[in-house]
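Dear colleague,

Please find the structure below, handed over for your records. My notes on its packing, sheet and aromatic rings follow it.

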Amino acid sequence: MTASNETCQNTTNQRRVRVRFAPSPTGPLHIGGVRTALYNYLFARRHGGDMILRIEDTDSQRFVPGAEDYINEALAWLGIGIDEGVREGGAYGPYKQSERRDIYRTHVRQLLDTGKAYIAFDTPEELEAKRESIKNFQYDASTRMQMRNSLTLPADEVQRLINEGARYVVRFKIEPGIDVTVNDLVRGPVTIKSDILDDKVLYKSADDLPTYHLANIVDDHLMEVTHVIRGEEWLPSAPLHVLLYRAFGWEDTMPSFVHLPLLLKPDGKGKLSKRDGDRLGFPVFPLEWHDPFSGDTSAGYRESGYLPEAVINFLALLGWNPGDDTEIMDMQTLIDKFSFDHCSRAGAKFAFEKGKWFNHQYLQAMNDAELASLFVPVLKEHNVDVDTFGMDYITRVVGMVKSRVSFVPELWEQTKYFFQAPTEYDPKAVKKRWSEDMPATMTRLIEVLKTLPSFKSGDAEPIVLQWITDNGLHMGNVMNAFRLAVVGQCTGPHMFDITEVLGREKTIERIERAIENINPDDAK
């Protein structure tokens, strides 16, 4: 399937490519939903089309406060641009399904008037009784005439029940013996017999709202959606949607379907879940989520220190590849390369460690000043007065250590000694490097440091090293003790790069404090 084949239907009909991402505000946006939104966005931009964000809030029982704002904020953070939506507006609104009741009522009436649907009054108890009496019961052509609906009740009885406020649903009347073909751009043509489909509920009088099946078809048609790109879990619904398009007489504008492979557990079998993230220690939501009902907090990629560009690059390659070995791709490169001809049919294991690798790569490529600005909130969390140090200092420090980290929060452990003099010293290093005569050696080193004509790394290093050699001292022991005194441990960047940044005065102060406070006996 080439890029030209992907748009052949729309080229023939001279239709502009229009896609939609249609989440339900029932909680935080799962990372699998983010990938669906991303593929929609990449495809739309690849073909110069439009990206629609439609909020599917017809299930009033599952609505969660704050979820809609969360969806918008997550997409904005990731750089997935929306052309039309609740916030953006557009010529095809409203973009929230709960605000489209009148539209759905009209189309429900159209199906009833043409005999494509019927009204059913069966109570939950009656349906349960049928399930118990008929094995594998399905409300369809073989059973509908046994039920309490407008096909079996007199018209005046139907009207009386409606007038009296009896609750009812509207079911789609599916005729048996029909071959239903779904043209999927990933899986190719998928054909089933209509006999296996049940008469799905399209509308419920209880809340005067349609179900997913009717609302999606009506909205996709009226919003002129050309490609329905969604998760594999919706593939079983596709034949029903094809039949609904036929029932309305909309065959000529039926969209192309794309059912994306599932995101799978990193280990074992099955679909990726929040439990997997909790168990293995990685987020499954783009942003941190605070549950308004339970009060629980779930980790987010943003708050865990991931860069949005890295998350996008990582997700794009879960179920798709560019046709070559390219791995690092910014959004524009992904747009330029994106095509469903390289989209997998098989599920993609969620290799979260690869996500960390991507984040490391993007962090290393980031400008030091930009990375420093991202580090500022972390410094403030640790009570560092950012104004005292200044951004030039912070930028310089970040540039020295960023190769050692994969996430912004990790910078603190690598840099804290640049902002706070050590008050504790690594016991193992003390035991190994701080001998009884080391305080005297460090006192002599202080005198050398005081007389250095320049404290720049390249100027100071050869003089200090020559002093160690000339005095017959052990190079490793002296330099490690020097580092221990200044840093608090025997790790970090090049020692003389550290002292250049700290400056002469602070470096000497730290050595003096170490001489006073380090007691080798404490490490025994």
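Buried means under 20% relative accessible area, exposed over 50% and partly exposed in between, with a 1.4 Å probe and protein chains only. By that rule Y139 is buried, its relative accessible area being 3%, and F137 also counts as buried, at 16%.

The model is predicted: local features need pLDDT of at least 70 and side-chain atom pairs pLDDT 80 or more, while totals for chains, interfaces and linings use all residues. Residues are numbered from 1 along each chain as its sequence is written, and side-chain values use heavy atoms, without hydrogens and water.

Aromatic rings

Rings of Phe, Tyr and Trp (its six-membered ring) pair if their centres lie within 6.5 Å; planes under 30 degrees apart count as stacked, over 60 as edge-to-face and the rest as tilted. The whole structure holds 25 aromatic pairs. F137 and Y139 form one that is edge-to-face, with 6.3 Å centre to centre and 65 degrees between the planes. F338 and F340 form an edge-to-face pair at 5.2 Å and 80 degrees; both residues are buried. One aromatic cluster is made up of F282, F314, F350, F352, W357 and F358.

Helix packing

Helices (H or I, at least four residues) and strands (E, at least two) are DSSP runs, numbered from the N terminus. Axes are lines fitted to C-alpha atoms, for helices over the stretch in contact, and angles run from 0 to 180 degrees between N-to-C directions. The axes of α19 (residues 438-451) and α21 (residues 475-487) come within 11 Å and cross at roughly 75 degrees. That makes α19 roughly perpendicular to α21 (under 35 degrees is roughly parallel, over 145 roughly antiparallel, 65 to 115 roughly perpendicular, the rest oblique). Contact means heavy atoms within 4.5 Å; on the α19 side M438, T441, M442, L445 and L449 take part, meeting N477, V478, A481 and F482 of α21.

In helix α17 (residues 411-419), the buried residues are L411, W412, T415, Y417, F418 and F419. They pack against several helices, among them α14 (368-381), α21 and α23 (504-517).

The sheet

Two strands pair if DSSP finds at least two bridges between them. Four strands form an open sheet in the order β3-β4-β7-β8, with antiparallel pairing. Each of β3 (117-120) and β8 (209-210) stands at an edge with a single partner strand, so one side of each is left without a neighbour in the sheet. Four bridges join β3 to β4 (residues 169-172), and Y118 has R171 in β4 as its bridge partner. Helix α5 (residues 101-113) packs on this sheet, touching β3, β4, β7 (201-204) and β8, and its direction makes about 105 degrees with that of β3.
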